[in-house]
Amino acid sequence: GDAQAGTRGTLLGLIDQGLALAGPPAEGPILDAGCSCGRSTFELAERTGKLTLGVDLNFSMLQLAARAMRRGELCYARREVGLVYEERAFPVHFERAADVDFWCCDALSLPFAAGSFGQVLSLNLLDCVTSPHDLLTSFARVLQPGARLILGTPYDWSPSATPIEAWIGGHSQRGPEGGAADVALRSLLTPGAHPASLGTLRLVAEVAALPWAVRVHARSTMLYGVHLVVAEATPGNA
């Protein structure tokens, strides 16, 4: 509809598409993994009406999120060009800020009991960790059986973030699929399809390439094609 068209290419558009694909969350709180400055966490709480926890390893981003939650103000330096930044500060209001909290922790080793969450959202994180396979395993562990993971990634691999041997696709072009990352992820999320398949997450829905425009500076915007998948935690995943 018109609302979806208005959010196309934005973070909100990815969230809305992911929630539509995943369906209603299971009982329990929601985890927003790799939440950055918290916009996605606030939006999840508002859209689902559930307690939502944002986690990230970037403490400075979490400070911005906490300030927005507690003071209703967002302050940050926006890059204009080179080393020139514009200091920005403006009021913000989120209807369900009381249902949101932020923790600084590693998504590869989440400090929560098995089956703690009724849904997990993770956007633009899979290609930013040292072990994407371990990240998926970590998500499967904290999801309730039958609960769903919403995962979005542009496969923007970098050896400075992820060792090449840990990439999900993006190399080994001599293989039968030419190194296609989306094919590799589908295999991991299809129990029995590959020797490294998780067995604890099952792919249930996907969109091949959703646009996501990310501002770099005043004269540059990165346009990603995000592979959005929804996977369900299988019984006995804990």
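This is a predicted model: local features need pLDDT of at least 70, side-chain atom pairs count only at pLDDT 80 or more; totals for chains, interfaces and linings use all residues.
Two non-glycine residues stand out by backbone angle. Most residues other than glycine have a negative phi. S36 has a positive phi of about 55°. The residue sits in the loop that runs between β1 (30-33) and α3 (39-48). S36 is partly exposed, with a relative accessible area of 30%.

Helix α4 spans residues 59-71 and has 13 residues. From first C-alpha to last, α4 reaches 18 Å. This is close to the 18 Å expected at 1.5 Å a residue. The buried residues of α4 are L62, L64, A65, A66, A68 and M69. Their cover includes helix α3 and the strands β2 (52-56), β3 (73-81) and β5. Just after α4 comes G72, with a positive phi of about 65°.

A salt bridge joins R67 and E73, with N and O 2.8 Å apart. Both partners are partly exposed: R67 has a relative accessible area of 31%, and E73 has a relative accessibility of 26%.

The structure holds seven aromatic pairs. In one of them, the ring centres of F42 and F94 lie 4.1 Å apart and the planes meet at 5°, so the pair is stacked. F42 belongs to helix α3, whereas F94 lies in the loop between β4 (84-91) and β5 (100-104). The pair therefore ties together parts that are 52 residues apart in sequence. Both F42 and F94 are buried. W103 and F112 form a tilted pair, with 5.2 Å centre to centre and 35° between the planes. W103 is partly exposed at a relative accessible area of 38%, whereas F112 is buried at 12%. F42 and F94 also belong to one aromatic cluster with F102.

Charged side chains were examined next. Side chains of opposite charge can pair when their charged atoms come close. The structure holds 12 salt bridges. Among them is the bridge between E80 and R215, at 3.4 Å from N to O. E80 lies in strand β3 and R215 in strand β8 (residues 201-217), so this pair ties together parts that are 135 residues apart in sequence. R215 is partly exposed, with a relative accessible area of 35%.

A salt bridge also links R148 and E232, whose closest N and O atoms are 3.0 Å apart. R148 is in strand β7 and E232 in strand β9 (residues 220-233), so the pair ties together parts that are 84 residues apart in sequence.

D16, R39, E43 and R47 are joined in a network of salt bridges.

Notes. Residues are numbered from 1 along each chain as its sequence is written. Side-chain values use heavy atoms; hydrogens and water are left out. Helices (H or I, at least four residues) and strands (E, at least two) are DSSP runs, numbered from the N terminus. Buried means under 20% relative accessible area, exposed over 50%, partly exposed in between (1.4 Å probe, protein chains only). Rings of Phe, Tyr and Trp (its six-membered ring) pair if their centres lie within 6.5 Å; planes under 30 degrees apart count as stacked, over 60 as edge-to-face and the rest as tilted. The expected span of a helix is 1.5 Å times one less than its number of residues. Contact means heavy atoms within 4.5 Å. A salt bridge is a side-chain nitrogen of Lys or Arg within 4 Å of a carboxyl oxygen of Asp or Glu.
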